[in-house]
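Subject: Structure handover

Hi,

Here is the structure we talked about. Please open it and follow along with the notes below.

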Amino acid sequence: MDYKYDYLDKKAYNTRSGAYKFGREYKFIIDHGRNNFDRVLDIAGGSGRFAMSLLDHSKSITVVDINKAAIQLLRERNSNINSICGDFVTIDLPEKYSLILCVEAMGYFPDFDDFFSKINTLLKDNGRLILTYNNPSSWRFYLSEIAHWIKGPYPYNNISLKELREVLSRCSLEIENMEGMNWLPFPVFSNNPLVSFFGYMERILGLKKWLAQSPWILMSIKKRT
């Protein structure tokens, strides 16, 4: 199985768009992880886009990904990161984690109740889940839907924010903080020189606060008390 999301691949995340996304997501992780870096789980963490950088903050990082090629790349790059190839929902993970990440991958899981129920069992009581949510109410989603009418079915399992809150509540989780991102009018792996300009305008205009229309939403989630 090929892997098309490698952070060192110039046709994947090693682009201007990839750098923008990593910068926004990584900053959110550091800002909202609330010092819960003693034991980190990165769901669908691929070849280590976040795990490699988080080694500066944690000595215990586990990456789970279903893609064998991605896990092989990660193992070659750093054997100190615990890497597991498999489906997160079905594999056995005996530990509990203080910080769990799921970046740009939530929509690939077909059953959100199963997904978040397992996260609840693995998250320590004072821990945090950081994820990115693909917003089906945004302008960009409708443009993507049009494109996929031509290219084929949309690959993500989508859910409204209201429905997501309900699923989280059923799984004894709740959203703590949210920020919008990815207003860039470019393809996912774009190397357009205007990426930096649009990222700058996103900051200047405070678009991270416009959650209703933000294409992606960064979320910090905790156990419900």
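Asp125 counts as exposed, because its relative accessibility is 63% and the cut-off for exposed is over 50%. Bear in mind that this is a predicted model. Lys223 has a relative accessibility of 14%, so Lys223 counts as buried. The two side chains still meet: Asp125 and Lys223 form a salt bridge at 3.5 Å, N to O. Asp125 sits in strand β5 (residues 123-134) and Lys223 in strand β7 (residues 216-223), so this pair ties together parts that are 98 residues apart in sequence.

Why can such pairs form? Side chains of opposite charge can pair when their charged atoms come close.

How many salt bridges does the structure hold? The total is 14. Here are two more of them.

Take Glu176 and Arg34. Their side chains meet in a salt bridge at 3.3 Å, N to O. Glu176 belongs to strand β6 (residues 173-181), while Arg34 is in the loop between α1 (16-32) and β1 (40-43), so the parts tied together are 142 residues apart in sequence.

Next, Glu104 and Arg49. This salt bridge spans 3.1 Å, N to O. Glu104 lies in the loop between β4 (97-102) and α4 (112-122), and Arg49 in the loop between β1 and α2 (51-54), so the pair links parts that are 55 residues apart in sequence. Both Glu104 and Arg49 are buried.

Some salt bridges share partners. Which residues do they join into one network? The members are Arg24, Glu179, Glu202 and Lys208.

Find it in the loop between β6 and α7 (195-204). Its relative accessibility is 3%, so Asn182 counts as buried; the cut-off for buried is under 20%. What does Asn182 touch, leaving aside neighbours within four places in sequence? Its contacts are Tyr20, Lys21, Arg140, Glu202, Pro215 and Trp216. Glu202 is on that contact list, and Glu202 is also part of the salt-bridge network.

Then visit Glu176 with Arg34, and Glu104 with Arg49. Finish at Asn182 in its loop.

Best wishes

Note on methods. Residues numbered from 1 in each chain as written. Predicted model: local features only at pLDDT ≥ 70, side-chain atom pairs only at ≥ 80, totals over all residues. Heavy atoms only, no water. Salt bridge = Lys/Arg side-chain N within 4 Å of Asp/Glu carboxyl O. Helix = DSSP H or I, 4+ residues; strand = E, 2+ residues; numbered from the N terminus. Buried < 20%, exposed > 50% of the residue type's maximum accessible area, 1.4 Å probe, protein only. Contact = heavy atoms within 4.5 Å.
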